[in-house]
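Please examine the structure shown below. The briefing that follows treats the ligand site and then the overall fold.

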Amino acid sequence: MRERTFIMIKPESVERGHIGEIITRFEHRGFRIVAMRMEKLSREKAEAQYEEHRGKDFFENLVSYICSAPVVLIVIEGEDAISTARKIVGETDPKKAEPGTIRADFGIDIQRNAIHAADSPEKAKLEIKLHFPELST
Ligand code: CMP
């Protein structure tokens, strides 16, 4: 099914010059970029992005890290975009991610894991609405 999902290139990947290579992985897989913007997230937006993790021991660190420097916010579209993007991205912990996935190749540790990708149709919809309200119907 043709669908849209949300991905976010995290601060350390932007700083280390990996934006191009990461976007290329999605383009080579056949996804179309529908919207893209570089932004230094406000605390409010970062907290909204990660609302489901509020209360967990890593929440505060995660929010301050995500707000510490610009990220790249992207909406991609293609066949089974949500599940396929998760496969291209790999497991949360780069050490456990399959070789060839973005997190295995570019992630540093569980927090600085290169990229975020929405993990369900509900989250994809919410995250697209949060960052690109003009695309929401
Ligand atoms: P992400 O896919 O962006 O979604 C939540 C993020 O929390 C996750 O990637 C990690 O970067 C971060 N995180 C930090 N510590 C942990 C942890 N112990 N377990 C899961 N996620 C963590």
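Which pocket is the space taken by the ligand? The space taken by the ligand is the largest pocket. This is a predicted model, in which local features need pLDDT of at least 70 and side-chain atom pairs count only at pLDDT 80 or more, while totals for chains, interfaces and linings use all residues. Residues are numbered from 1 along each chain as its sequence is written, and side-chain values use heavy atoms, with hydrogens and water left out.

**Pocket and shell**

- A pocket is an open set of points on a 1 Å grid over the protein atoms alone, with protein on both sides within 12 Å along at least five of seven lines, where a 1.4 Å probe fits.

**Polar contacts (pairs of N or O atoms within 3.5 Å)**

- Arginine 103 places a polar side-chain atom 2.9 Å from an oxygen atom of the ligand.
- For histidine 116, a polar side-chain atom lies 3.0 Å from an oxygen atom of the ligand.
- Glutamine 111 has a polar backbone atom 3.2 Å from an oxygen atom of the ligand.
- On its own the ligand has 460 Å² of accessible area (Shrake-Rupley method, 1.4 Å probe), and the protein covers 80% of that area.

**Overall fold**

- Seven helices and four strands make up the list of elements, counted as DSSP runs of at least four residues (H or I) and at least two (E), respectively.
- Their order along the sequence is β-α-α-β-α-α-β-α-α-β-α.
- The C-alpha trace spans about 35 × 35 × 25 Å along its principal axes.

Definitions and conventions. Polar contact = N/O pair within 3.5 Å; in protein donor to acceptor, adjacent residues only side chain to side chain. 1 Å grid on protein atoms, 1.4 Å probe; cavity = no way out; pocket = protein on both sides within 12 Å on 5 of 7 lines; lining within 4 Å. Sits in = over half its atoms within 2 Å of the grid points.
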